[in-house]
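Hi,

Here's the structure I promised to pass on to you.

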Amino acid sequence: MRTFIIFCLFLVLSFQASAQHGNLYLTHFQHRLDYLDYRVQAISQDEAGMMFFAHRTGVLKFDGVNWLLINTEHMVYDLVPFNNQLFLAGKNDFGYIVKGSNGTEKYYSLANPDLSRFEYRKVYALNQKIYFQADQRLIQYDPVKKEITQQWTTDKEESFVICFENQNNIFVQIENKGIFKINGQALEPVVTDLPDKELLVFAEKYQNKTIFGGLSNRLYWFDGKSVDTVAVEQREYLQKSQMADAKLLANGWLAIATLQGGSMFLNLQTGKTEYFLNYQTGLPDNEVFTIGTDKNGGIWLAHEYGFTRADFQIPIRNFTYQGLEGNILAVTEQKNTLYVGTSNGLYYLTEIKDFKEVQTLIPKLIRKQNEKNPTEQTANIGDEKDGILSKMLDKREGYKKESTTEAKKEEKKGGFLGLFRKKTDEEKALEKAEKEEKKRKKEEERRRRKEEKNGKKTEETNNPEDQALTNADKTKPVVKEPLVEIKKGIKPKINANTKPKPQNKTIVVYENKTYLALQSIKYLFKKIEGVEGKCRQILDYKGDLIVVSTTGLYRVRGEKVEKISDKNCHFVYTSIPNKKLFASTYDNELMILPLAGKSVEKEKTNGDKNTKPEATYFADFGEDISRITQDKAGQIWVCGTDSLYQLFFSAEGQIQGKKAFAVQNRQMAEILPLHLDSKLYFVMPQKAYLFKINQLVPDTTILAKAKTLWAESDQIVWGYDGRNWERVGAGKAQAAGLLNYLNPIDRIFANANERFGWVVTQSQQLYRLDFQAPFSPKAEYKLFLDNVKDDKGTLYDLNNLAFEYNSGTLIFNFTYPDFLNARKVEYQYRLLGKMNDWSEWSNSGTVIFPLLDDGNYTLQVRCRDSFGNLQEAEMLKFEVLPPYWKTFWFMAAELLFFASIFFLTYKVNEKISIRNKYMPWVRRGMTLLTLILIIEFFKVTVQRLTNLDGSSPVEDFEIEVFMALFLLPIEVFLTSVFKRKEKEEREKER
């Protein structure tokens with residue numbers, strides 16, 4: 001029986017611990033491209049890892065840092081990667097994007113004039129073929145043969161809805177007819193009785209089946225022969241949200257994007273919703289246009305404020321739930337309950353038992369419009385009105401239209417004229433909001449009259465939305481409802497000369513979106529009454545919580561709160577061997593309270609008649625006390641700002657004195673104690689001390705490079721040098737990589753369970769990190785060369801990297817797609833033969849060479865992520881071509897030229913008659929000229945061979961002297977030859 005009870009208790013605790021799993025880790029992306037919104041139709045990723053988004057102006061490309069718009073000259077509805085190409089379906093066109101030899105993407109159309117009359121809404125890659133889908137036409141394209149192989153058409157009254165694959169067969173749904181199997185040119189009917197003539201929104205392959213989602217917000221299984229309904233736990237949530245898109249995840253879950261409820265993650269095995277991702281759980285907006293995935297298991301959601309990436313694999317969860325007010329100052333977890341101390345008090349996280357508890361946190365702001373609004377005109381939608389997509393959009397939009405208050409009251413009438421009908425919570429909230437609105441107006445009118453009476457100008461507030469917000473909503477951005485209903489993809493025509501009528505007031509109404517918010521919020525923070533002031537520290541002591549506040553010390557046990565002391569304390573430390581609680585006060589004192597059994601004794605006051613001992617105080621520090629710890633000998637240490645104090649106790653446990661140790665702390669940083677390997681360290685940024693043999697010794701091995709420190713406890717200290725984290729103490733190295741995802745960090749807290757740690761960012765987001773989770777992000781992508789250009793912007797062919805000598809600065813751009821923590825990716829390079837070591841790590845993947853001599857080069861580039869994983873690109877070989885005067889043919893021509901001159905000089909000297917009185921001068925002139933030219937030729941040749949083209953005058957002189965000495969024997973030889981010839985001629989004359 002006892003074992004059974006323990007087992008049941010374990011199950012309950014395990015369920016509670018696993019239930020508070022927190023929300024997913026989210027990363028938000030926004031491009032900085034002018035005049036481009038975020039309304040995209042599809043999201044996909046190519047083989048290299050680049051993310052692509054189908055936009056009305058073209059295709060957006062993203063590598064984790066850089067955004068690029070690829071112009072397609074038409075609106076893009078859908079895209080799919082296949083075999084290093086990106087196939088597109090768009091307005092009156094379809095085709096593909098391929099990366100050129102210079103690294104830039106270019107679009108090629110496949111539509112001839114006859115096919116460009118249609119709107120191509122979808123594109124699929126099925127069974128090694130590409131399918132382009134229009135309303136009345138389905139086209140099959142063979143990417144290997146590069147030709148259109150088949151076409152299928154429908155009547156004008158019918159439309160193709162969706163195309164999908166199941167067990168190597170291709171199926172297509174036709175409006176009002178059902179699902180057909182493609183068999184050659186024929187379309188064979190398979191299912192003709194879909195419920196309510198359902199129009200399918202998406203189809204995802206799951207094992208041997210296909211799961212559908214329809215406009216009726218139902219899910220279906222298809223096995224190739226029949227259709228069955230999928231049982232879903234959150235059926236009503238889907239009904240009110242309106243499904244827009246879905247993607248199957250690797251773990252067998254279905255991620256569903258909706259137009260009103262954000263996204264939900266459905267476990268297809270159980271039918272239960274594992275996660276909600278919406279405004280209440282960190283998503284910037286509940287309207288999700290489309291959804292996509294990447295190779296790292298990330299889920300991409302497109303909304304009006306950009307793109308959000310959710311990740312299941314990163315062991316980080318967000319615990320910033322509703323109800324928490326103020327800045328987070330302390331965090332602890334006790335008995336599977338999370339307690340958070342803020343600047344407004346003490347809170348605990350609890351499961352929602354009654355949705356009414358959070359209704360006041362989620363008001364829905366609606367601007368009620370006049371029924372006849374002259375600014376709202378019929379939109380000219382042109383071709384958008386025709387076809388199945390417009391019908392689907394119209395049906396979707398029907399879920400988004402806000403009903404008027406009068407219509408709601410009509411629907412909720414009951415009984416005799418509605419007099420005896422019980423009012424619902426929504427109506428009560430509505431009446432309450434109207435009363436508050438009237439009260440606000442009266443108060444504003446009274447204030448206005450008072451100011452006018454005092455001669456002050458008043459600025460009337462015509463935006464009652466701000467007044468209707470609760471405190472919880474004021475911390476979040478308010479998205480105002482548009483005055484004109486705008487359908488997706490449709491621009492309404494508005495007469496600029498027509499003056500709009502005044503709009504009705506804004507009121508708070510609980511309706512569709514309120515229900516969705518309530519259903520998706522499972523936990524909230526509740527305040528513990530009785531604990532006031534700023535809660536700076538929460539200490540777990542034998543089942544009690546010791547809370548340090550600006551209003552005193554509190555003992556919390558469950559919901560029972562007892563005040564221990566009225567002193568304004570800063571830090572508390574419990575010494576088990578000494579059976580005492582030490583607390584530093586803001587009077588530079590050390591307050592000591594006894595620990596009795598399982599509790600802390602309450603401080604005795606003057607009016608207290610009990611016999612409990614009074615608190616004792618030890619003063620005379622003269623500086624703030626920030627930390628308290630205890631060494632292995634049981635001695636208490638107090639950390640000040642300029643000194644460390646060792647306290648001495650009597651046999652009765654009373655403090656007898658202290659010993660001060662001066663430290664160098666010019667920056668007045670907080671001195672943190674650290675117990676490591678049975679040694680006691682005191683650390684500061686870039687400085688540390690070790691207590692050794694009754695003295696403090698400077699230490700340079702502990703956090704030597706840290707610019708900032710965080711104390712998780714006196715057992716673990718974190719150091720940050722501006723890029724890397726170092727955890728000194730217990731724990732695994734993986735934790736340092738996880739912290740890189742959460743910069744900038746405000747506070748770090750320890751957990752009773754060493755597996756987890758708590759982090760608060762500067763934006764006051766609370767995260768739990770699982771330090772023992774088997775997480776090590778793999779390098780799913782390769783580092784590759786994206787493009788090469790010069791300083792003039794000229795792009796070069798990546799297949800033939802040969803540059804002219806006068807190309808100037810060469811710029812090599814390398815890309816490593818990383819969407820987990822791209823800002824933390826660092827790059828290194830080295831030029832073989834020119835650089836002995838790698839360059840310093842840089843955040844840029846751009847390698848720049850201002851001037852390179854002619855020759856052959858080999859470039860090595862590598863990168864590392866925040867976990868230290870290295871990824872090296874393929875060795876890049878390139879050549880800088882020599883100038884023409886350094887080419888072989890030019891040097892051969894030079895050699896031939898000088899040889900001719902030498903030969904000509906010899907012949908001239910041989911032919912000139914000795915009788916000619918100018919003969920000696922001519923011979924000497926020709927000889928001197930030949931020697932000078934030869935010297936200059938050899939000089940240039942030496943400079944080329946020794947890379948001294950830009951040599952100094954001294955070097956030029958040295959080369960000329962060397963060449964003169966080298967050619968001196970040749971000059972002597974030629975002179976002797978000429979003299980001998982002259983002598984022979986003279987003898988012949990005689």
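Below is what I found, region by region.

A quick word on the ground rules: this is a predicted model, so local features need pLDDT of at least 70 and side-chain atom pairs count only at pLDDT 80 or more, while totals for chains, interfaces and linings use all residues. Residues are numbered from 1 along each chain as its sequence is written, and side-chain values use heavy atoms, with hydrogens and water left out.

Let's start with the cores. A nonpolar core is a set of buried Ala, Val, Leu, Ile, Met, Phe, Trp, Tyr and Cys residues joined through side-chain atoms within 4.5 Å. Buried means under 20% relative accessible area (exposed is over 50%, partly exposed in between; 1.4 Å probe, protein chains only). The largest core here has 45 residues, and the members touching the most others are Leu 138, Ile 179, Leu 219, Leu 254 and Ile 256. Strand E14 (residues 160–166) gives the most to this core, five residues. Helices (H or I, at least four residues) and strands (E, at least two) are DSSP runs, numbered from the N terminus. There's also a second, separate core of 40 residues, including Tyr 781 and Phe 849.

Back to Ile 256: setting aside residues up to four places away in sequence, its contacts (heavy atoms within 4.5 Å) include Leu 219, Met 243 and Asp 245.

Next, the strands. Two strands pair if DSSP finds at least two bridges between them.

E59 pairs with E61 (residues 810–815) in the antiparallel sense over six bridges, and Leu 785 has Phe 814 in E61 as its bridge partner.

You'll find Asp 865 in the loop between E64 (855–864) and E65 (870–872). The Asp 865 side chain reaches the backbone nitrogen of Asn 869 at 2.9 Å. Leaving out neighbours within four places in sequence, Asp 865 is in contact with Arg 723, Pro 777, Asp 818 and Lys 824.

Cheers

Notes:
Polar contact = N/O pair within 3.5 Å; in protein donor to acceptor, adjacent residues only side chain to side chain.
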